[in-house]
Amino acid sequence: MAQVFNSLGIWGIPREHEVMMFQSLITGDPLLMVGKHGAAKTKAAKDVAKALGLSFQSYDASKSMFEDMLGLPNPKAMQEGKMEYISSPITCWDKEFIFIDEVNRATAELQSKWLEIIRSREVMGFKLDCKFIWGAMNPVGYEGTNMLDEAYIGRFASFIDVPSVLEMSNDDRIEIINSIGMDDAPALGYWTGETKELVVKNMEETYTKIHTLLILATENYRLMSNQIEFNVLSNFLSKFAKALQSRTTSSTKEKDRQPIELDGRRLGYMKRCIMGYRAMEMAHSNLYGSELSDFTTSVKNAVMFSIPFGINEDNSIDSEGEAHTKNVFDQLRDFFDSKDLHLVNLNYELMVSSDPIRKAEILVNEDIAKIAKNAAWTRIMEETSADVSILCMLALNIEAANQGTIPQNILDQMTKKITNKSFLVTKPTLIGQSIKYYDKVASLMDQAENKIEKIVICNEINKKLDELQRNLLFDDKDFELIVDACNSAVLNYKRICRSESRLEA
């Protein structure tokens, strides 16, 4: 339950969303709300600013002109060679809290004028008094909405989905139906001379509590900056960003999509959002008695709120990208437990390594969690840049000798990668100048310690012969290439099966 917003007469916002929205007020990093019309987005911003005693101004991004925000140029100042503007009640110069509405109804030209304001709190080089900026937009696909420029999206630190009334609980809908705010029923009480009844009672007490909440959360933020858990955040986010990029680029399916690439500004936002979320969650629990999540869950919530999922159409950061992000986080979630750091590093290597043999070596010989194991084997099966048929054959034989080594759902995929000839010792065919190396090739095959090793060697010999004999040239140097390829393949085989009990000869 969102106790703070409920006390302001705003219903249906989940507690996690409330914590994330208020954490943005600790650092002042911009926040963007996404919701249908009538979701009380503007009211939320306006009421928060009022509760904190901040000067507030709302602008429609699709309509507001520079003269609305800046005022008209002062002719007298211009005569003196100065550039000044004549302020009005709606100009932005003295506003401490700015709300930018209809963010995705603005044209590309109008979007660009907000970049400096959102990020630097400046207009044409002039500093503003603004400390807090919230924005709001309708969901993608709403009539009249436009694609958002990536730089525009990049100016916002966190993204909150605001539920519509039909997405709320029945109790919240009833509260909304019964509520009468200051903007509702404007003539109520006019004929009798009575004051309109307000939905929210004891507003001064409510405002004081919100102010106390932010002071306490800010103090938490300051103290936690020196705690060990937060010292690892930068390292975690660095690995998380690289793993997420790898996760969204390595398969054929994802090559047709843009990878999720988090830039430096986004990663900086994410670190502050994580710290702010935890600080606010602790303060919220202290003042309102709400449940305090474990630290790793708090980090995950903040990370998911800090990435712009579903903000634009035809973008990799959609529902599928959101699922990838959760998966990558879950594989690295033990990062915050120093006892399992070795396991975290293995999971990280599984996600970013381009070597399927190394991945298989880790999967077969290390105690990897089920979610990471399934994801890594799936990536190996989807990888198109390497021939993994022999790898699959080895893995299936390992599974036969040690049941449970390979996830059951991966076994079916592996069988599709293997043909009958994969299990046969196919003697190489030598032609032309390579015939004189027949005895050496046969000796190379005899070095195999078991049948599977012989299959691996034969496979490598045949692949290299196909490459070399196309040119009808073959000498000692070419034979050495074959020997090196065979040695490398056998070494990889032994790496995968380095535990002697893994596989029967």
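Here are legends for a few close-up views of this predicted model.

**View 1. An open sheet of five strands.** Follow the strands across and you get the order E2-E5-E8-E1-E9, with parallel pairing. At the edges sit strand E2 (56-60) and strand E9 (158-161), and each of these pairs on one side only. Going from one strand to the next, the twist averages 20°.

**View 2. Strand E5 and its partners.** Which strands does E5 pair with? On one hand there's E2, joined to strand E5 (residues 97-101) by five bridges, with the two running parallel. Zoom in on that pairing and you'll find Asp101 of E5 as the bridge partner of Asp60, while Ile100 of E5 is the bridge partner of Tyr59. On the other hand there's strand E8 (residues 132-137), which pairs with E5 in the parallel sense over four bridges. Here, Ile98 stands opposite Ile133 in E8.

**View 3. How E5 is covered.** Is E5 buried or exposed? Five of its five residues are buried, so E5 is largely enclosed by the rest of the structure. Both faces are covered: look for Phe97, Phe99 and Asp101 on one side, then Ile98 and Ile100 on the other.

View 4. Most residues other than glycine have a negative phi.

**View 5. A nonpolar patch on the surface.** Which residues make up this patch? They're Met78, Met83, Met124 and Phe126, and together they cover about 370 Å². Take Met124 as an example: its relative accessible area is 52%, and exposed means over 50%, so Met124 counts as exposed. You'll find Met124 in the loop between strand E6 (122-123) and strand E7 (126-127).

**View 6. Helix H12.** With 15 residues (233-247), H12 reaches 20 Å from its first C-alpha to its last, close to the 21 Å expected at 1.5 Å a residue. Its buried residues include Leu233, Phe236, Leu237, Phe240 and Leu244. Lys239, Ser246 and Arg247 are on the buried list as well. As you trace the helix, remember that an α-helix has 3.6 residues a turn, so residues three or four places apart point the same way.

Note on methods. Residues are numbered from 1 along each chain as its sequence is written. This is a predicted model: local features need pLDDT of at least 70, side-chain atom pairs count only at pLDDT 80 or more; totals for chains, interfaces and linings use all residues. Side-chain values use heavy atoms; hydrogens and water are left out. The expected span of a helix is 1.5 Å times one less than its number of residues. Buried means under 20% relative accessible area, exposed over 50%, partly exposed in between (1.4 Å probe, protein chains only). Two strands pair if DSSP finds at least two bridges between them. Axes are lines fitted to C-alpha atoms, for helices over the stretch in contact, and angles run from 0 to 180 degrees between N-to-C directions. Patches are made of residues with over 30% relative accessible area and no salt bridge: like charges are joined within 9 Å, nonpolar side chains (Val, Leu, Ile, Met, Phe, Trp, Tyr) within 5 Å. Accessible areas come from the Shrake-Rupley method with a 1.4 Å probe; for residues, only the protein chains shown count as cover. A salt bridge is a side-chain nitrogen of Lys or Arg within 4 Å of a carboxyl oxygen of Asp or Glu.
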